[in-house]
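Q: Please take a close look at one strand of this model and its surroundings. Please go from the strand to its sheet, and then to the core.

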Amino acid sequence: MPSKSKRRQSTSAASVAVAEKPVPVPVAVDEEERELEALLFGDDEGFRKGIAQLDDDVEVTDGSYQQPEDDGMEEVADNDLFFLDDAPGTGPDPNDDEPEEYISEDEPPHVREAAWYDSDDERITVSLASHPRLRKLRRTEADDHVTGKDYQRRLRLQFERVYPVPEWALPAGAKAAGRAKRLRAEADSDDGSADEMDQDLSADPLKTLFQRAEGYVRKTKSAALAPGTIDISRLKDANQQQLSAAAIQTMSFHPTHPLVLTGGYDRMVRIYHIDGKVNPLVTSLHVKSMPIQTAQFHPDGKRVFIGGRRRYFYIWDLETGTVEKISRMYGHESMQKSMETFKLSPCGRYVALQGQKGWVNILNATTGQWITGVKVEGEVADLVWWAAGEGLTIANTAGELWEWNSDERRIVGRWRDEGGFSTVRIALGGEDSRYIAVGSKTGIVNVYDRRKMTSTTTEPKPFRTLEQLTTSVHTLAFSHDGQVLAMASRVKKDMLKLVHLPSGTVFKNWPTMNTPLGKIGAVEFSQGSEMLCIGNEQGHVRLFRLAHYSA
């Protein structure tokens, strides 16, 4: 009992101690501290003054306000108080009040006023000659120190030379042609700069590009190419501006302009302007109804023929943009269940369609009408036109080949590939189609000299048998003069070899183990063989320059 009594007394004493805790007395605030609080947090008087400055129509007096006098706006209809600015140039120019010192003739007309300026840019200087990466910004060899503002301007121009502003990013009224003209004028004025060889890289409209006089410089004869090694360098990918969403199935170079088209199972045909630096996308066509297997420029350069696993193909007119569907077989449909594989004659008059049951159908390239058909034994493996379009060489899957003359409309020769079976690809190259390469599923490629063959030759001997590929041959392509043969397989990665002719030896220095080729779907030389395009299953189009043909 005494212990409980003591516990109650201690608890009661603690509660009294808490109750008797002294209350803090507020500290007096002096005038200086009050001003600081008002400056930092504001007060009633400052709030009213701020409202008065924001709205001149409200007159603030001792906690009350007075309504401004009637200015006559109450009688105006609501529709007249607003307007919709839907035309360029009708509204006020937001740059009218821009400070004069920030207006420069070098600045593009579409650049908006900067939100903030650094005054230090006018005072600092940058040495262009002291750093190797800045030397390209010089206009002359003696050009060295520039102001910060001039340095920014030169960096911007250099960036836009390499990466032009796309047309969709320009405001209404700004023309891409004006930008291109300004960049060309700037480049022409930089006579002594290290970057004087740079050209305007912006993509011109396709119609304007065709109207230019410039194009490929056609070489009647090429210098002899030495065997052993080849001088080849990699450029920016041809389709770096817009990659394919599927494997590259077909490619074709334009006959007169630096353009290349690509196609694949993503149902897109894309045309790129090849300059080796940016390679801008010029135009594209989405074929909704057909995965694309073959696409080829017509020899006149104005049309593109597009085919897939369908009973029809398309002709795309590049000048007008119209697309024509061709399906007029007129009773020959049983021989042509699919138009996915075709070849255009070099003369531009015919389209050869690979059909079924040994048939090859010849159509008029202008009207699309059926002209005649060629029948061979077995199933057709591949076909190729002669150099002038005066005939066809047709191969079947059993290793037999037929020579068909388009003028006489008859087969003028028949022969067998030595040791060949399961033929899959053939290609013609050289002057007057001197060489013919025959590839099989075993990876062996036989190269024949057609000048040593006659119409009565039935079992010719190849002058070179190439065994560097170990899987089925997928692509064979000759350079324009027949001195280089590219052969590739798509079964394994990086399976490509370049062969020198007439020696028949493989170039040993390229490709290397580090050459990023991938699984190859298509190989194409440009018209003058300056460029080599290699498309792979990842949708990339690798671009290489051949120094021998570029000199």
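**A strand covered on both faces**

A: Strand S27 has both of its faces covered: Val484, Ala486 and Ala488 are buried on one side, and Leu485 and Met487 are buried on the other. Buried means under 20% relative accessible area, exposed over 50%, and partly exposed in between, with a 1.4 Å probe and protein chains only. Strands here are DSSP runs of E with at least two residues, numbered from the N terminus. S27 spans residues 484–488, and five of the five are buried, so the strand is largely enclosed by the rest of the structure.

This is a predicted model: local features need pLDDT of at least 70, side-chain atom pairs count only at pLDDT 80 or more, and totals for chains, interfaces and linings use all residues. Residues are numbered from 1 along each chain as its sequence is written, and side-chain values use heavy atoms, with hydrogens and water left out.

Now the sheet. S27 belongs to an open sheet of four strands, ordered S26-S27-S28-S29, with antiparallel pairing. Two strands pair if DSSP finds at least two bridges between them. S26 and S29 (505–506) are the edge strands, and each pairs on one side only.

Take the S26 side. S26 covers residues 475–478 and pairs with S27 in the antiparallel sense over four bridges. Phe478 has Leu485 of S27 as its bridge partner. The two strands form a hairpin with five residues between them. In that turn, Gly482 has a positive phi of about 80°.

Then the S28 side. S28 covers residues 496–500, runs antiparallel to S27 and is joined to it by five bridges. Leu485 stands opposite Val499 of S28. Met487 stands opposite Lys497, also in S28.

Next, the core. A nonpolar core is a set of buried Ala, Val, Leu, Ile, Met, Phe, Trp, Tyr and Cys residues joined through side-chain atoms within 4.5 Å. The largest one has 20 residues. Leu496, Leu498, Trp510, Val523, Leu532 and Ile534 touch the most other members. S27, S28, S30 (520–525), S31 (531–536) and S32 (541–546) each supply at least two residues of this core. In soluble globular proteins, nonpolar side chains tend to be buried together.

Look at Leu532. Contact means heavy atoms within 4.5 Å. Leaving aside neighbours within four places in sequence, Leu532 is in contact with Ile232, Leu498, Trp510, Val523, Glu524, Phe525, Arg542, Leu543 and Phe544. Another core, of 17 residues, lies apart from the largest one; among its members are Val269, Val287, Tyr312 and Leu318.

S18 pairs with S19 (residues 391–396) in the antiparallel sense over five bridges. Ile394 in S19 is the bridge partner of Leu383. S18 and S19 form a hairpin with five residues between them, and Gly389 in the turn has a positive phi of about 80°.
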